[in-house]
Amino acid sequence: MIAIFVATLLCAMYVFTRKKRISFLIEGKYDVSDLVADIQKVQDVPLDRVGMYRTEKDKNATWAYNFKKCSIRNILSTSNPHARLQYKTDMTNDKHPICDVVKHHIPSCVRSLDHTLRVCSKNWEFKSHFDCAYNKVLCILGSKRFLVFDLYDHPDEVSIIEHTKNMSIDDLKIFLGQCGIRCNDHTLRPGDELHIEPMMYHRVEADESSIILGHSPPLDNKIGRAHV
């Protein structure tokens, strides 16, 4: 009888924990040193379509207002916050050699079409948003900070997002704490992997340039709360 009670209690705790988890970080999951070395070999090959991004106070998102041709080296060395650069690809039809390099070191990219590679310049900022599917993010180069927070079914979701759309992560974290809204503050460094549950808002900032690889499965069976 005691054994049954303990087992039931553990199961209940497990279910409760799973429900409450919004994100988690696995530090140093991968050794990406060889991958970075091979990326450096192709960093001067031109990219045909690199987004030029801006963040405006009256907008609810960070968006690409133009595109240009440049190299990975150009992106990583750009530090102007008013001319942020991002190269984004799902690596399916892209012929740039960085796609082959990533697929060589991470074979799952070959078997799956659900990966997105992003090369971002310094002073990066992406306003709070959520994704409908479960997300995994691997940091390959540099660092990126994610503040993940839970507004799922929150009655004031729209007003909170509108009120906080121009807050930095530091200010947003304080505000969310005052409102009793759960949040996780993660800083990804090379080899770290971040897991984000569906429908969880996240704001992204970075002082350093970065390269990250995201994996988000199809939406077919992922709408709503998913599990790892």
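These exercises work through charged pairs and nonpolar cores in a predicted model.

**Exercise 1. Lys127 without a partner**

Task: Find where Lys127 lies, and decide which side chain of opposite charge is nearest to it.

Solution: 
- Step 1. Locate the residue. Lys127 sits in strand β6, which covers residues 124–129.
- Step 2. Look for its charge partner. The nearest side chain of opposite charge is Glu125, 5.9 Å away.
- Step 3. Apply the cut-off. A salt bridge needs the nitrogen within 4 Å of the carboxyl oxygen. Lys127 is buried and has no salt bridge.
- Step 4. See what the side chain reaches instead. The side chain of Lys127 comes to 2.8 Å from the backbone oxygen of Glu56.
- Step 5. Check the surroundings. Beyond four places in sequence, Lys127 touches several residues, including Thr55, Glu56, Asn60, Lys165 and His202.

**Exercise 2. Pairs that do form**

Task: How many salt bridges does a search of the whole structure find? Then examine the pairs of Glu56, Arg84 and Arg145.

Solution: 
- Step 1. Side chains of opposite charge can pair when their charged atoms come close.
- Step 2. Take the total. The search finds 13 salt bridges.
- Step 3. Start with Glu56. Its side chain meets that of Arg54 in a salt bridge, at 3.7 Å from N to O. Glu56 is partly exposed, at 26% relative accessible area. Arg54 is also partly exposed, at 29%.
- Step 4. Move to Arg84. Arg84 pairs with Glu125, and their closest N and O atoms are 3.4 Å apart. Arg84 lies in strand β4 (residues 84–89) and Glu125 in strand β6, so this pair ties together parts 41 residues apart in sequence. Both Arg84 and Glu125 are buried.
- Step 5. Finish with Arg145. Arg145 and Asp170 form a salt bridge of 2.9 Å, N to O. Arg145 belongs to strand β8 (residues 144–149) and Asp170 to helix α7 (residues 169–178), so the pair links parts 25 residues apart in sequence. Asp170 is partly exposed, with a relative accessible area of 46%.
- Step 6. Join shared partners. Arg84, Glu125, Arg203 and Glu205 form one network of salt bridges.

**Exercise 3. A closer look at Glu205**

Task: Is Glu205 buried or exposed? Trace what its side chain reaches.

Solution: 
- Step 1. Glu205 is part of strand β11, residues 201–206.
- Step 2. Use the cut-off. Buried means under 20% relative accessible area. Glu205 has 19%, so it counts as buried.
- Step 3. Follow the side chain. It reaches the backbone nitrogen of Ile169 at 2.8 Å. It also makes a polar contact of 2.9 Å with the side chain of Arg203.
- Step 4. Beyond four places in sequence, Glu205 is in contact with residues including Trp124, Lys144 and Met167.

**Exercise 4. The nonpolar cores**

Task: Which residues of the largest nonpolar core touch the most other members? Which element gives the largest share?

Solution: 
- Step 1. In soluble globular proteins, nonpolar side chains tend to be buried together.
- Step 2. Name the centre of contacts. The largest core has 27 residues, and Ile98, Val102, Ile140 and Leu213 touch the most other members.
- Step 3. List contributors. Elements supplying at least two residues each include α2 (33–41), β2 (46–55), β7 (135–142) and β12 (210–215). Helix α4 gives the largest share, 4 residues.
- Step 4. Inspect Ile98. Outside four places in sequence, Ile98 contacts Ile39, Val42, Ile72, Tyr87, Leu117 and Val119.
- Step 5. Note the other core. A second, separate core has 15 residues, among them Tyr53, Cys120, Val137 and Val148.

Definitions and conventions:
Residues are numbered from 1 along each chain as its sequence is written. This is a predicted model: local features need pLDDT of at least 70, side-chain atom pairs count only at pLDDT 80 or more; totals for chains, interfaces and linings use all residues. Side-chain values use heavy atoms; hydrogens and water are left out. Buried means under 20% relative accessible area, exposed over 50%, partly exposed in between (1.4 Å probe, protein chains only). Lys and Arg count as positive and Asp and Glu as negative; His and the chain ends are not counted. A polar contact is a pair of N or O atoms within 3.5 Å; within protein, one must be able to donate a hydrogen and the other to accept it, and residues adjacent in sequence count only if both atoms are side-chain atoms. Contact means heavy atoms within 4.5 Å. A nonpolar core is a set of buried Ala, Val, Leu, Ile, Met, Phe, Trp, Tyr and Cys residues joined through side-chain atoms within 4.5 Å.
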